[in-house]
Amino acid sequence: MPPKAKITKDMIVQAAVEVAKQSGHEKINARTVAEKLNCSTQPVMYHFSTIDAMKREAYARADHLHTEYLMTVSPEQDPILGIGLNYIRFAVEEPQLFRFLFQSGYAQENSLLEMIDSEELIPVLAAMQEGAGLSMEKTRQVFLTVALFAHGYASIIANNGLEYDETLVAKHLEQAWNGAFLAAAQEE
């Protein structure tokens, strides 16, 4: 008889992310993750003493996926606008993960200002700074404006309050970016 497949912590985290994608983070528990892995709940509880610990690891994995998604901008596209549109597209394509990341209370940062100073945002800000040609302080100000605008759009879309029209969203995002950039450039 072949040995049973070993269920790893990584497999459990990935299964928890899949549960969140399909059903929402509220549905992450030992039973739903075990069902996703076709195993009993024992391996899940062996690797995670609490469901909250498993959700936190799943959150970190989803956050990493989100960052990769944001940073996939075509070379001919303005990095700031590309990142902003990707942020909104993520909410369109993965509304459950978007809600997990930004509306569940699992974020380590308690405010947008804390997020701007987070280590995870460094690659996003660096790409934006390179594209804008501004100081890092001014880039953060522009990011804050564009992020608030993009987050508002994405939240409304992820919660089924607005149909996604990429042309219109791109136009509005570009207007927000242009206004924030002009204001920052005049101050610099």
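**Helix α6 and its neighbour α5**

In this predicted model, helix α6 spans residues 95-103, and its buried residues are L97, F98, R99, F100 and L101. Those buried residues pack against α1 (9-23), α4 (51-70), α5 (79-93) and α9 (136-158). After α6 comes G105, with a positive phi near 90 degrees.

Helix α5, one of the elements packed against α6, has 15 residues and reaches 20 Å from its first C-alpha to its last, close to the 21 Å expected at 1.5 Å a residue. This helix is mostly covered, with 12 of its 15 residues buried, among them I80, L81, Y87, R89 and F90. The cover over the buried residues of α5 includes α4, α6, α8 (122-132), α9 and α10 (166-187).

Charged pairs come next: the whole structure holds 7 salt bridges. One of them joins the side chains of K21 and E94, at 3.6 Å from N to O, and this pair links distant parts of the chain, since K21 belongs to helix α1 and E94 to the loop between α5 and α6, 73 residues apart. K21 is partly exposed at 29% relative accessible area, and E94 is likewise partly exposed at 21%.

Because E166 lies in helix α10 and R89 in helix α5, the pair ties together parts that are 77 residues apart in sequence. R89 counts as buried because its relative accessible area of 16% falls under the 20% cut-off, whereas E166, at 31%, is partly exposed.

Methods. Residues numbered from 1 in each chain as written. Predicted model: local features only at pLDDT ≥ 70, side-chain atom pairs only at ≥ 80, totals over all residues. Heavy atoms only, no water. Buried < 20%, exposed > 50% of the residue type's maximum accessible area, 1.4 Å probe, protein only. Helix = DSSP H or I, 4+ residues; strand = E, 2+ residues; numbered from the N terminus. Contact = heavy atoms within 4.5 Å. Expected span 1.5 Å × (residues − 1). Salt bridge = Lys/Arg side-chain N within 4 Å of Asp/Glu carboxyl O.
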